[in-house]
Amino acid sequence: MLDRVAPALFVLLWSTGWIVAKYAVVHADPLTFLVVRHSLAAIAFFAVCLVMGAKWPKTKSQFGYAIISGIFLHGLYLSGVWYAIGQGVPAGLSGIIAGLQPLLTALAAPFFISERLRPMQKFGLVLGFAGILIAISPQLLDVFDRGLAGLALPVLINLVAMTSVTYGTLYQKRHLQEGDLFSIATLQFVGALIVTVPLALLLENLRFDWTHEAMFAMAWSVFGISMGAVGLLLYLIRRGQVSRAASLIYLMPPVVAIEAAILFGEPLTLPMIVGTVIVVLGVYLVNRKN
């Protein structure tokens with residue numbers, strides 16, 4: 001049952017991260033918000049481990065694998081994306097950069113974990129990326145009309161973040177195929193803190209206003225995204241091809257646009273609708289069984 005609903009549930013939960021960010025940046029510095037989020041997620045997962053009697057890694061190397069994967073999957077990735085958006089990188093451009101991840105994962109998977117895709121799966125990846133380009137083309141054109149002066153470094157940081165989550169996904173598949181997912185998740189958020197705490201101390205004023213809105217955004221970030229969505233991602237990586245799991249990232253920009261239309265009244269454009277249909281088709285081709 002979980003195998004059937006996990007992909008759709010992951011997309012729904014993970015996509016809300018963009019909505020949460022829209023609220024969070026008003027009430028907290030981005031990296032500071034992530035420090036609190038990662039800390040609470042680590043504590044929450046640890047509590048689950050105690051209740052469930054989760055088994056912890058038996059060797060130092062297994063502990064290290066979990067922490068290192070967290071550095072790449074959560075620490076470098078989220079820090080880079082949130083910092084870049086905080087510096088003015090438009091969501092549309094950030095979405096295109098995120099859309100490179102499934103392609104990069106498919107290219108790197110044969111070398112890291114000997115995973116190869118069928119021709120139709122490769123076509124699905126290319127089709128999905130084309131769908132994202134179509135879906136957010138109006139935003140991209142607006143970005144280029146206004147110019148990208150001063151955004152070179154934030155865009156580069158966004159690209160590094162995308163590369164980081166790609167490597168983290170492959171690293172997870174290669175080194176963490178066994179072990180309790182709850183204990184692994186706990187250690188991964190400890191790894192995330194190794195990155196975010198120094199960066200927040202170095203780059204920010206540690207602003208967090210603790211308003212009701214900030215508390216709600218934090219609660220959803222911890223329980224809905226860090227625990228729910230991340231837990232499902234780890235499950236999907238373990239149960240199938242990393243390229244299939246990564247292809248679900250293609251669905252994020254269209255789903256976020258639909259959520260923004262419902263919550264904020266933002267219009268759904270014709271390119272967004274057409275692009276979404278193409279994206280769904282591409283993801284279907286990557287994930288179908290035969």
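Student: What percentage of the 290 residues in the protein is buried?

Tutor: Buried means under 20% relative accessible area, exposed means over 50%, and partly exposed lies in between, with a 1.4 Å probe and protein chains only. Here buried residues make up 52% of the 290 residues. The model is predicted, so local features need pLDDT of at least 70 and side-chain atom pairs count only at pLDDT 80 or more, while totals for chains, interfaces and linings use all residues. Residues are numbered from 1 along each chain as its sequence is written, and side-chain values use heavy atoms, with hydrogens and water left out.

Student: How many helices and strands are there in the protein?

Tutor: Helices (H or I, at least four residues) and strands (E, at least two) are DSSP runs, numbered from the N terminus. This protein has 12 helices and zero strands. Its radius of gyration, taken over C-alpha atoms, is 18 Å, close to the 19 Å that the globule rule gives for 290 residues, so the protein is as compact as a globular protein of that length. The globule rule is 2.2 Å times the number of residues to the power 0.38.

Student: Is His38 buried or exposed?

Tutor: His38 is buried, with a relative accessible area of 0%. The residue lies in helix α2 (residues 30-52). Contact means heavy atoms within 4.5 Å. Leaving aside neighbours within four places in sequence, His38 is in contact with His74, Leu78, Phe189, Ala192, Leu193 and Thr196.

Student: Is Phe223 buried or exposed?

Tutor: Phe223 counts as exposed, at 56% relative accessibility. Phe223 is placed in helix α9. Not counting residues up to four places away in sequence, Phe223 touches Ala44 and Gly228. Phe223 and Arg37 are 186 residues apart in sequence, yet 9.6 Å apart in space, C-alpha to C-alpha.

Student: At what angle do the axes of α7 and α9 cross?

Tutor: Axes are lines fitted to C-alpha atoms, for helices over the stretch in contact, and angles run from 0 to 180 degrees between N-to-C directions. The axes of α7 (residues 152-175) and α9 (residues 212-239) cross at roughly 60 degrees and come within 9 Å. That makes α7 oblique to α9. Angles under 35 degrees count as roughly parallel, over 145 as roughly antiparallel, 65 to 115 as roughly perpendicular, and the rest as oblique.

Student: Which residues make the contact?

Tutor: Thr169, Gln172 and Lys173 of α7 meet Leu234, Ile237 and Arg238 of α9.
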